[in-house]
Amino acid sequence: MRKPGPQKAIDWKDGKKHKYSRPSESPSQYQGHFTWEKYLKETCAIPAPAHCFKQSYTPPANEFKISMKLEAQDPRNTTSTCIATVVGLTGARLRLRLDGSDNKNDFWRLVDSAEIQPIGNCEKNGGMLQPPLGFRLNASSWPMFLLKTLNGAEMAPVRIFHKEPPSPSQNFFKTGMKLEAVDRKNPHFICPATIGEVRGSEVLITFDGWRGAFDYWCRYDSRDIFPVGWCSLTGDNLQPPGTKGTGDQSTKVLRSSMMRAG
């Protein structure tokens, strides 16, 4: 796979690895045939260069399989390392469920995240596996539960884990740059987005064609943001932009982008 070029035209394709579809406030003119090349011209926008992101220039291969087990940080208690099971795959990401938790607390991680490791890594480094926050059983039953959950399980092999890429040396983002970003309210979605504001080490992610309820601030080296063309390279499903109401979509997106860039 090649490093995505800053102006490379990428066709949006209907992903086949999951069945999700993003609920829209009204139909988007881009539904099913979104292309970055056309969209960048219409919005008079530029994509954020690849060096802005804490992502591998060549997206890592995803060789994980459903039901494989690994170690993962508990996202609700990051001091704890737990056993997790792969319950979903899309692009270079894994949907994980902590053993002893329920499906309401599933979370997503990239295959090159430092927050996931092979089984045995915690013990090798002198740590102990912990029950997840909200463990459904009595804490005293954890050792037996751990033994049972690992017995006969398919462990994710060491070779399919990838080293986490380094952070950029500083925040290179500028207001108005385009990118692809995880919708944190619906984290199975990656959508076209714009840098709405830059503040120190943080950037404001605004989703194109959606009202501000989905916006969020994150560090410039967040693993939830990607360069234009990322989903095309990984085979993930890039959602098309939404719409904000009536009127010509191209005009509205352009106006929105110009306002944010100002």
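The legends below describe close-up views of a predicted model. Local features require pLDDT of at least 70 and side-chain atom pairs pLDDT 80 or more, while totals for chains, interfaces and linings use all residues. Numbering starts from 1 along each chain as its sequence is written, and side-chain values use heavy atoms, without hydrogens and water.

**View 1. The open sheet of five strands, ordered β4-β3-β2-β1-β5 with antiparallel pairing.** The edges are β4 (107-110) and β5 (116-117), each with a single partner strand, so one side of each has no neighbour in the sheet. Strands are DSSP runs of E with at least two residues, and helices are runs of H or I with at least four, numbered from the N terminus; two strands pair if DSSP finds at least two bridges between them.

**View 2. The β2-β3 hairpin.** Six bridges join β2 to the antiparallel strand β3 (residues 93-98), and Ala-84 stands opposite Leu-98 in β3. Two residues lie between the strands, and Gly-91 in the turn has a positive phi of about 55 degrees.

**View 3. The salt bridge between Lys-54 and Glu-164 (3.0 Å, N to O).** A salt bridge places a side-chain nitrogen of Lys or Arg within 4 Å of a carboxyl oxygen of Asp or Glu. Lys-54 lies in the loop between α1 (36-43) and β1, and Glu-164 in the loop between α3 (142-150) and β6 (178-182), 110 residues apart. Lys-54 is buried at 13% relative accessibility, whereas Glu-164 is partly exposed at 26% (buried: under 20% relative accessible area; exposed: over 50%; partly exposed: in between; 1.4 Å probe, protein chains only).

**View 4. The salt-bridge network of Lys-54, Asp-112, Glu-164 and Arg-223.** Arg-223 meets Glu-164 at 3.4 Å, N to O. Arg-223 is buried, with a relative accessible area of 16%.
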